[in-house]
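Subject: Structure handover, salt bridges

Hello,

Please find the structure below, for your files. My notes on its salt bridges follow.

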Amino acid sequence: MMPKQSRRAGKLVGLSNALNRPKVDGPDDVYAEIFASIVDQRLPPGTKLNELTLCEIFNVGRRQIGQVLQRLSYDSLITLHPNRGAFVTMPEADEARAIFDARRVIEPEITRIVAAQATREELAPLRRNVEAEAESRRTGRLREAIRLSGEFHILLGKCARNPILYALVRQLVARTSLVVALYENQNTMMCWHDDHAIFIKLLETNRVNPAVALMRKHLEHVQESLDLERRPDTRFDLRAIYAPETTR
């Protein structure tokens, strides 16, 4: 019997099929689906990624799934254990601190670049992101708000017009999502969410130094809001995670 914690899991019956599986066209799409599922916390840390189940869900071969899992392992988003299989990574507290240390090195410099050169047109996706995050918080969709909060930093990285920096921040944001999933503290998670709206105003007026200072402060606030002693045990059914809403 499936755990009662997931309404979606309880409604899904049987194997994945053409009506309920995600639409993918090769391993790149499978990688993108699983990457996004980790970032938006549908796949929590510790989830086992069974290869045969993934083959069934995405209707691709085991060799392609193996390639996808290797890529995700390279991104440090999953951990491959000999004789046990693949699991969504569960960062230890020291790794969580190292991730934030790296972000405090990289993202203030991205901010410096963007604040100095980005146009209003380039900043428009960030403005839309901030509005969507605010709406998610108003309507109580905290998970969606957290996803959008991470996406803000990825969009900011794109505005720097540097593909290397963009790739680095994208990976770090994804790994941060794992950290937040493990160590979030509901009593303090809401205290820093207004930073992005203030940040947008600084970028739009090219206020470089205040924007850089706010980015450093913002990352510190996010880290301080986490409870690095927390380690919940979370397990979910892969088919329930990937079945579209219309089939549940």
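E144 and R147 both sit in helix 7 (residues 142-159), 3 residues apart, so about one helical turn separates them. Helices here are DSSP runs of H or I with at least four residues, numbered from the N terminus. The two side chains form a salt bridge, with 2.7 Å between the closest N and O atoms. The term means a side-chain nitrogen of Lys or Arg within 4 Å of a carboxyl oxygen of Asp or Glu. E144 is partly exposed at 27% relative accessibility, and R147 is partly exposed at 22%. For reference, buried is under 20% relative accessible area, exposed is over 50%, and partly exposed lies in between (1.4 Å probe, protein chains only).

Salt bridges with shared partners also join R120, R127 and E204 into one network.

On provenance: this is a predicted model, in which local features need pLDDT of at least 70 and side-chain atom pairs pLDDT 80 or more, while totals for chains, interfaces and linings use all residues. Residues are numbered from 1 along each chain as its sequence is written, and side-chain values use heavy atoms, leaving out hydrogens and water.

By the rule above, the count is 15 salt bridges. One of them pairs R62 with E51 at 3.0 Å between the closest N and O atoms. R62 belongs to helix 4 (residues 62-74) and E51 to helix 3 (residues 51-58), so this contact ties together parts 11 residues apart in sequence. E51 is partly exposed, at 27% relative accessibility.

E95 and R175 form another salt bridge, 2.8 Å from N to O. This pair links distant parts of the chain, 80 residues apart: E95 is in helix 5 (residues 93-117) and R175 in helix 8 (residues 163-183). E95 is partly exposed at 25%, whereas R175 is buried at 16%.

Regards

Conventions
Helices (H or I, at least four residues) and strands (E, at least two) are DSSP runs, numbered from the N terminus.
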